[in-house]
Amino acid sequence: MTGVIPLCDAPVGAVVTVVEVLAGPHGQGRRLEDLGIVAGTEILVERRAPLGDPTVYEVRRARLAVRRGDAQFVRVAVGDENTGPYVAL
Amino acid sequence: MSHCEPEATGSVAAGTLHVALVGSPNAGKTTLFNALTGLRAKTANYPGVTVSRREGLVHVDGRDLTLVDLPGTYGLDAISPDEQIVSDALRGELPGVDKPDAIAVVADASTLERSLLFMADILRLDIPTCLIVTMTDELAARGGSLDLDVLAVALGVPVVGVIGHRGIGLDAVRTLLANPQEWARPVLPPAAESGRRSAWVASVLRSAYRPPGRDRRTRRVDAVLLHPVWGVLVFVAVMLAFFQAIFTLAAPMIDGLDSAFNSLSTLLKDHISGWLGELLGDGVVAGVGGVLVFLPQIALLFLILTVLEKVGYLARAAFLADRLMGRFGLEGRSFVSMLSSFACAIPGIMSTRTIPSERRRIATMMAAPLMTCSARLPVFTLLISAFVPDERVLGPVRTQGLALFGLYALGAVSGLLYAGVLNLFALSGSAAPVIMELPPYRRPTLRAVLLQTWDGAWSFIRKAGTVILASSLALWLMLNISFGSPPQGLDTVQRDSWKLEHSVAGNMGKAMETVFSPLGFEWRTNVAVIGSLAAREVFVTTLALSTAAESEDSLPARLHELRNDDGSKVYDAATVAAILVFFVYALQCFSTVAVLRRETNSWKWPAIAFASMFVLAYVGALIARVVVHAVT
């Protein structure tokens, strides 16, 4: 599993595929899963706020603003088609 | 349907079937609710907590069913107080509230995948469930498609599509909701584990759904509105326009209402003789009217906030402000709560329920009363229009608008710093995730906007008819019951003035001068400050009453004419500045204290807020007076 990074470190413009969602200390993992972020989901890193945080991610056609501190619990593989089975997007 | 029978006893008491409406925020749940129930909805609170519970009757085939609009939520594993209510209500664990007989899940067609994750959790509750898909027109416009029949078969529950704001599909929804006992039920509930839940959603949607393309229009608009330079400029411009509009657009309407109330008051005093005429003219009409004249301004404020919210801009504002708010221990949604607090701290404080983190939630609630609410607006407007000369500064920007903006800014900045200080020294506990959705930009319907604006304006009118009327009457009595009899040889005006000074209220105001004279507050101001504890607007009412004996001029003119015994002005620039600053900080609002108590479930936070904000108000007013005195 080379190239797996926290979602918050993915560059703007990248399309990444979720590898794993960690639980997180304050229920972050479950909430991210409720929003459709599970292993295999493709995420587009759309833009950062003018002050650098949070970041807008496009997930399953919804656009979510997530703070760095929460996005770190999503482990993603950066941009190639072979990393995930999810093709519904 | 054997399991329905024991539950039916609970519902029979109310006489109707209870259907709960659930769904994620921005799914169009409230629009649908309003469309189905018309204006027959009523808002109440859940027992024990102040999460508002909107209920309405839906009329189908000659009978009524009760529709309950629950707060928007993304999942049943609650992370915010709002979500906890939904979770408890659906499980029948909310004391005093019946478990719903059926659940209608409302889902936005363009984010259907996510909604079905929530649907999977709902189906495991084993309550009859149906799915109402909204905004199918938006889905089609963005190149997606949905086959409702295929989806219904795959889900094993009834599915209907609606376009809520255009009223399309509402009859089908009504018919469906009337007969939950006939709804299909899934053979097997979906799995809870997130991977399998997600797989279930994919399999259900496989042949029924083609997701929409990217929302190009929204993304194009966001490219500007969230831009590091343009976005920030637009943000500042929107905020400036917001405050300028409140002040300038409403002014002519306020003047019109003011002269109408003055004429009515004079008319009453002329035609009804004796104390009754005085009571009606000065106590009721002048008192309540003095506050009601600000209705245009307050309605405008609610209108602008409603439009910004419904268009989708408030979510962007929250996004832009999040990092900044984070510095003060707050988050983006705190910004929206604080902006609502400019209308009234009560809805502002209640809106913090969408903030998952207890720590950030308390910090937001404590900062909310420092935002300049609409009840302070009458006080500010009166004093600014009376004492700040109206001059052009730059383009449409005038001195009076600038002065008002300055007071708003002072409150807002102080609120942020206050939250920051609390966060450093008084708050502990964890920080739940900050995840906000940016909904597509949408054009709200006129009806939805007017409905919500009316809600805000109506609560203000109701307050004028109850709290403010009662305090006007009480004050009128306190101002008109005097001790002793006036000395001989005074003319009518002098005698009225003497009576006022020796009235119950006059004596109280004088007693307070020992504390407030460093701020330049003389007894009339002090009486008005006491009055403003019931509601801040009453300050204006009280000044109107306590100066009524002086002359027949308008209130601003009367304030200018008031003289101390030594001939100096009672209201000079320094004193007016002190009053303004005092009102920026002081927590003179029993309703806000009560809401803080309910929402934090302790007296600790309201006590801290009241005491600390009084100290801020006193010290701030003192500084303002000294500074203005030095420069004028």
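Student: What is the N to O distance where the side chains of A:Arg60 and B:Glu113 meet in a salt bridge?

Tutor: This is a predicted model, in which local features need pLDDT of at least 70 and side-chain atom pairs count only at pLDDT 80 or more, while totals for chains, interfaces and linings use all residues. Residues are numbered from 1 along each chain as its sequence is written, chains are lettered from A and ligands numbered from 1 in the order in which they are written, and side-chain values use heavy atoms, leaving out hydrogens and water. A salt bridge is a side-chain nitrogen of Lys or Arg within 4 Å of a carboxyl oxygen of Asp or Glu. For A:Arg60 and B:Glu113 the N to O distance is 3.3 Å.

Student: How many salt bridges are there between chain B and chain A?

Tutor: Over all chains, the rule gives 29 salt bridges. Between chain B and chain A the count is 10.

Student: Why does the pair of B:Glu83 and A:Arg31 join two chains?

Tutor: These two form a salt bridge with closest N and O atoms 2.9 Å apart. Both B:Glu83 and A:Arg31 are buried (under 20% relative accessible area, with exposed over 50% and partly exposed in between; 1.4 Å probe, protein chains only). Helices (H or I, at least four residues) and strands (E, at least two) are DSSP runs, numbered from the N terminus. The pair joins two chains because B:Glu83 lies in helix 3 (residues 81–91) of chain B, and A:Arg31 in helix 1 (residues 28–34) of chain A.

Student: Which residue of chain B forms a salt bridge with B:Arg197?

Tutor: B:Arg197 also meets A:Asp34 in a salt bridge of 3.0 Å, N to O, and that pair crosses between chains, from helix 8 (residues 194–205) of chain B to helix 1 of chain A. B:Arg197 is buried, with a relative accessible area of 1%. In chain B, its partner at 3.0 Å is B:Asp121.

Student: What area is buried between chain B and chain A?

Tutor: Contact, meaning heavy atoms within 4.5 Å, takes 47 residues from chain B and 34 residues from chain A. Buried area is the accessible area (1.4 Å probe) that two parts lose on being put together, summed over both. Carbon and sulfur atoms give 54% of it here, and the area is about 3,600 Å².

Student: Which are the edge strands of the open sheet?

Tutor: The sheet has 7 strands in the order 1(A)-6(A)-2(A)-3(A)-4(A)-5(A)-12(B), with antiparallel pairing. Two strands pair if DSSP finds at least two bridges between them. The edge strands, which pair on one side only, are strand 1 (4–6) of chain A and strand 12 (435–437) of chain B.
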